[in-house]
Amino acid sequence: LVPQPTVTLPFPTPTRMVKSINGVVGLAFGLDKSPAVYRSNEDIWFTFTVKNTNSFDVTYAGIGAVINDKKSQPSWGDATLGAGATLEWRDHINYGVPGKYKIYLGYCWLRWRYECERAIDANGWAWLSEPVELTITE
């Protein structure tokens, strides 16, 4: 059993949560900047809260941010979320190509975290949040 963090973080205004995957529900997800405009390869800090609504532990390969079709950052992976447990976390992702993107809180259902790091779309991730609009500048 992997110890779970018990950090209370100040969260930005979260997006509306939409899904539960294997009983894991996204409760909050947001970026630290509003508007969400970042320079190329700048740290894009995000915070999230998820809860295991099951009466049993859930093992997962990754939970974290995904810039759809571009890059993923499984903040937690190859881990177990205990029955009824809540995970609050702050992490960052970087992306260097200027443009407008959508970033989501994701749950990776692949077998291992390293597979989640290579997966960048619905072929490995399911969304636990609505998208947040993100702009990368030069």
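## Surface and burial

The accessible surface of the protein chain in this predicted model comes to about 6900 Å². Carbon and sulfur atoms hold 53% of that surface. The chain has 138 residues, and buried residues make up 49% of them.

Among contacts with a separation of 6 or more, 69% link residues 24 or more positions apart.

## Confidence

The mean pLDDT of the chain is 85. A pLDDT of 70 or more is reached by 85% of the residues. Among the elements, β3 has the highest mean, 97. Strand β1 has the lowest, 82.

One stretch calls for care. Over residues 5–16, pLDDT stays under 50. The model has 32 contacts beyond four places in sequence for this stretch. Where pLDDT is low, predicted coordinates should not be read in detail.

## Strands and sheets

The chain has twelve strands and one helix.

Four strands form an open sheet in the order β1-β2-β4-β9, with antiparallel pairing. Its edge strands are β1 (20–21) and β9 (86–93), each pairing on one side only. Strand β4 (residues 44–52) runs antiparallel to β9, and eight bridges join the two. In this pair, T47 has R90 of β9 as its bridge partner.

Strand β12 (residues 132–137) pairs with β3 (residues 37–39) in the parallel sense, over three bridges.

## Nonpolar cores

The largest nonpolar core has 31 residues. Those with the most contacts inside it are L31, F48, V50, I103 and L134. The elements giving two or more residues to this core are β2 (24–31), β4, β5 (58–60), β6 (62–67), β8 (79–81), β9, β10 and β12. Another core, of eight residues, lies apart from it and includes Y104, C108, C116 and W125. In soluble globular proteins, nonpolar side chains tend to be buried together.

Leaving aside neighbours within four places in sequence, I103 is in contact with F29, L31, A65, V66, I67, I93, E130, P131, V132 and L134. Two of these partners, L31 and L134, are themselves among the residues with the most contacts inside the core.

## A glycine in β10

Is G106 buried or exposed? G106 counts as buried, because its relative accessibility is 0%. This residue is found in strand β10. Beyond residues up to four places away in sequence, G106 touches G62, I63, G64, W125, A126, W127 and L128.

The C-alpha atoms of G106 and I67 are separated by 9.6 Å. Along the chain, these two residues are 39 apart.

## Salt bridges

The structure holds five salt bridges. One joins the side chains of R90 and D32, at 2.6 Å from N to O. R90 lies in strand β9 and D32 in the loop between β2 and β3, so the pair ties together parts 58 residues apart in sequence. R90 is partly exposed, with a relative accessible area of 38%. D32 is also partly exposed, at 34%.

A second salt bridge joins E42 and R39, at 3.6 Å from N to O. E42 is buried, with a relative accessible area of 18%, whereas R39 is exposed, at 52%.

In a third, the closest N and O atoms of E117 and R113 are 3.0 Å apart. Both residues lie in helix α1 (residues 113–118). They are four residues apart, about one turn of the helix. E117 is partly exposed, with a relative accessible area of 40%. R113 is partly exposed too, at 23%. Elsewhere, salt bridges that share partners join K33, R39 and E42 into one network.

Conventions
Residues numbered from 1 in each chain as written. Predicted model: local features only at pLDDT ≥ 70, side-chain atom pairs only at ≥ 80, totals over all residues. Heavy atoms only, no water. Buried < 20%, exposed > 50% of the residue type's maximum accessible area, 1.4 Å probe, protein only. Contact = heavy atoms within 4.5 Å. Areas by Shrake-Rupley, 256 points an atom, 1.4 Å probe, with all protein chains shown as cover. Pairing = 2+ DSSP bridges. pLDDT = per-residue confidence, 0-100. Core = buried A, V, L, I, M, F, W, Y, C linked by side-chain atoms within 4.5 Å. Salt bridge = Lys/Arg side-chain N within 4 Å of Asp/Glu carboxyl O.
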